[in-house]
Amino acid sequence: MRAAMILGKEKIGVTQIPDLEPDGKSVIIKTKLAGVTGYDTTLWELGDITTETVPGHEIVGTVVNPGPRDDLKEGDRVTVLPLAACMECELCKSGQENMCFKNRNTPGKSKTAHGTFSEFFAARPEFVKKIPDRFTDFEGLMLSPAATAYHMVKEMGVSPGWKVLISGGGIMGALVAMWCKYFGAKYIAVFEKNKTRALNLMDYGETTKILDPEDREIIDIILSDTRGLNAQFECSGNARFMNTGILTLRRNSTIATLAMYKKSAPINFFMLNTKLIRIRPFNAHTPADFDKVAELVSANPRKLNLKRYYSASVALNDLQSVFEELMTDTHKYEKVVINKF
Ligand SMILES: [Zn+2]
């Protein structure tokens, strides 16, 4: 079957990998949509982490072989959670599956398991979720990234009146803004340099201010607006932006990090210590978060509008040029999906 693979630094191409045979243990899915994420472009940029495995950890597809899942049948529309949790350790048993150490082997994020950029995908049965009929394919694909943002915002305790900074207005930053507003935040500043993304964010109506993180005046602007923020959500993978954000936080606040996985980064520990600011890393979401998000999105389709993040559908063959464009500051994409394999 056809699949995309990282072929080296900033190189991705289509290749043939062995067909999947039903083994009674996995759910085999024919891929309809695979989402392109910042994690995939980072693997491509670095080029040396997963050169033998297929990237991609977002999918909507139809069941070809349900394996051990009695409740699934051929043709069912499903998505797969980006987890490889053991389901046996204390963390897994207490509903913190996203914290399990075994997630280092998540398909599409590791050297050990192929991801979703291929014609078919073999999923662990416990992480396959049916997509309710009321959602489009694209909304179905967005439920999992929306659950990752939901998990962060909920765990950070965002509540009415909060003032927050989101560093990076890409798809995760936009989803974090959506949930911050949903949980009652009254001031939501976003660091974003890309003009299209900035315009989109203002259009969505959740963001109070979009700021250029290179402009030093923004610290005074935020402080005079707010007298210090409750929290920063780091969604850019850029340590300089995070350090600028630290200067806008109030004492005893928290920075949630999601995107700081590219390489080691210089953090302003002087300011962290002076202001007693904590850093709290996050990874993915739990199966329970997914169910909750599916319920909330269907109950609040206007406030929690996942359709609006759609940008483009591309073919597996197009990935090299799409990734090159995604690395520029001027691209016009939010969520790109692969729909031709
Ligand atoms: Zn575990």
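Visitor: How many bridges join strand E9 to E10?

Guide: In this predicted model, strand E9 covers residues 187-191 and runs parallel to E10. Within this pair, Val 190 stands opposite Ile 210 of E10. The number of bridges joining E9 to E10 is three.

Visitor: In which order do the six strands of the open sheet lie?

Guide: Strands of a sheet pair through backbone hydrogen bonds, either parallel or antiparallel. In this open sheet of six strands the pairing is parallel. Its edge strands, each pairing on one side only, are E10 (209-211) and E13 (278-281).

Visitor: What is the average twist from one strand to the next?

Guide: From one strand to the next, the twist averages 20°.

Visitor: What angle does the direction of helix H6 make with that of E9?

Guide: Helix H6, residues 217-226, packs on the sheet. The strands that H6 touches are E8 (163-167), E9, E10 and E11 (229-234). The direction of H6 makes with that of E9 an angle of about 175°.

Visitor: At what angle to E8 does helix H7 run?

Guide: Helix H7 is formed by residues 239-246. H7 lies across E8, E9, E11 and strand E12 (249-257). Relative to E8, the angle of H7 is about 165°.

Visitor: Which residues have the most contacts inside the largest nonpolar core?

Guide: The largest nonpolar core holds 93 residues. At least three of its residues come from each of domain 1 (2-131 + 306-340) and domain 2 (148-281). Leaving aside residues up to four places away in sequence, Val 176 touches Ala 149, Met 152, Val 153, Ile 166, Phe 233 and Cys 235. The residues with the most contacts inside this core are Ala 146, Val 164 and Val 176.

Visitor: Which elements are included in what covers the buried residues of H1?

Guide: Helix H1 spans residues 38-46, and its buried residues are Gly 38, Tyr 39, Asp 40, Leu 43 and Trp 44. Just after H1, Gly 47 takes a positive phi of about 80°. The cover over the buried residues of H1 includes E1, E2 and helix H10 (319-326).

Technical notes. Residues are numbered from 1 along each chain as its sequence is written. This is a predicted model: local features need pLDDT of at least 70, side-chain atom pairs count only at pLDDT 80 or more; totals for chains, interfaces and linings use all residues. A nonpolar core is a set of buried Ala, Val, Leu, Ile, Met, Phe, Trp, Tyr and Cys residues joined through C-beta atoms within 7 Å. A residue is buried if 20 or more other C-beta atoms lie within 10 Å of its own, exposed if 12 or fewer, and partly exposed in between; C-beta atoms are placed from the backbone. Domain bounds come from an automatic or database domain assignment. Two residues are in contact if their C-beta atoms, placed from the backbone, lie within 7 Å. Two strands pair if DSSP finds at least two bridges between them. Helices (H or I, at least four residues) and strands (E, at least two) are DSSP runs, numbered from the N terminus. Axes are lines fitted to C-alpha atoms, for helices over the stretch in contact, and angles run from 0 to 180 degrees between N-to-C directions.
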